[in-house]
Amino acid sequence: MFDKIKEEYLSLMEKEKLPYTKCKTCGYVFFYPRDFCPKCNSRDLEVKISEGKGKVFSFTKFQGKKGETIYGIVELIEGFRMYANIFGDVDIGDEVVVSFINDSGRKIPVFKKK
């Protein structure tokens, strides 16, 4: 089951769509692919596609050789939270939208201020 969910996640991200998982038993939603619900342990899950809109829940800034990097937690309108890089100057509660960048041949989600 996990391999099927993981493959579906990777396939959707290659199409620049942000996946998440919803538990059909309790309705809990989460981002990281798992083969069971972290809230009720059910294995009756479905992969859905997020609208990619959310708000900055928390963030931290790192100063590196290439400049400043912002890494944070974004709360999506579907109700789940995820860690991601955030581009642009943001603050807690700012609205952001997902976009995708190529990283070593894979597309990964990042967020930009709306």
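These legends describe close-up views of a predicted model.

**View 1**
Helix α1 covers residues 2-14, 13 residues in total. The distance from its first C-alpha to its last is 18 Å. That is close to the 18 Å expected at 1.5 Å a residue. I5, Y9, L12 and M13 of α1 are buried. They lie on the same side of α1, because they cover an arc of only 100° around the axis. An α-helix has 3.6 residues a turn, so residues three or four places apart point the same way. The face turned away from the buried side carries D3, K4 and E7, which are exposed.

**View 1. What covers the buried side of α1.**
Several strands contribute to the cover over the buried residues of α1. They include β1 (19-23), β2 (29-30) and β3 (45-49). They also include β7 (95-103) and β8 (106-113).

Phi of E16 is near 60°, a positive value in a residue other than glycine. Most residues other than glycine have a negative phi. Is E16 buried, partly exposed or exposed? E16 counts as partly exposed, because its relative accessibility is 41% and that class runs between 20% and 50%.

**View 2. The open sheet β2-β1-β3.**
Three strands form an open sheet in the order β2-β1-β3, with antiparallel pairing. β2 and β3 stand at the edges, each with a single partner strand, so one side of each is left without a neighbour in the sheet. Strand β1 is largely enclosed by the rest of the structure, because four of its five residues are buried.

**View 5**
β1 and β3 run antiparallel and are joined by five bridges. Two bridges join β1 to β2, again antiparallel. T21 stands opposite V47 in β3. T21 also stands opposite F30 in β2. For K22, the bridge partner in β3 is E46.

Five residues lie between the strands in the hairpin of β1 and β2. In this hairpin G27 takes a positive phi near 85°. N41 is found in the loop between β2 and β3. Its phi is positive, about 70°, although N41 is not a glycine. N41 is exposed, because its relative accessible area is 55% and the exposed class begins over 50%.

**View 3. The closed barrel.**
Five strands make a closed barrel that runs β4-β5-β6-β8-β7, with mixed pairing. Neighbouring strands of this sheet are turned by 45° against each other on average, direction ignored.

How many bridges join β5 to β6? There are six, between β5 (residues 67-76) and β6 (residues 81-87). The two strands run antiparallel. I70 has I86 in β6 as its bridge partner.

**View 4. Strand β7 and its partners β4 and β8.**
Strand β4 (residues 53-64) is joined to β7 by three bridges, and the two run antiparallel. G54 has V96 in β7 as its bridge partner. β7 also pairs with β8 in the antiparallel sense, over eight bridges. In β8, V110 is the bridge partner of S99. The hairpin of β7 and β8 has two residues between the strands. S104 takes a positive phi near 55° in this hairpin.

**View 5. D94 and its surroundings.**
D94 has its place in the loop between β6 and β7. What does the side chain of D94 reach at 2.7 Å? It reaches the backbone nitrogen of D91. Leaving aside residues up to four places away in sequence, D94 touches G54, K55, V56, D89 and K113. One of these, G54, is the residue whose bridge partner in β7 is V96.

Key:
Residues are numbered from 1 along each chain as its sequence is written. This is a predicted model: local features need pLDDT of at least 70, side-chain atom pairs count only at pLDDT 80 or more; totals for chains, interfaces and linings use all residues. Side-chain values use heavy atoms; hydrogens and water are left out. Two strands pair if DSSP finds at least two bridges between them. Axes are lines fitted to C-alpha atoms, for helices over the stretch in contact, and angles run from 0 to 180 degrees between N-to-C directions. The expected span of a helix is 1.5 Å times one less than its number of residues. Buried means under 20% relative accessible area, exposed over 50%, partly exposed in between (1.4 Å probe, protein chains only). The arc is that of the directions from the helix axis to the C-beta atoms. Contact means heavy atoms within 4.5 Å. A polar contact is a pair of N or O atoms within 3.5 Å; within protein, one must be able to donate a hydrogen and the other to accept it, and residues adjacent in sequence count only if both atoms are side-chain atoms.
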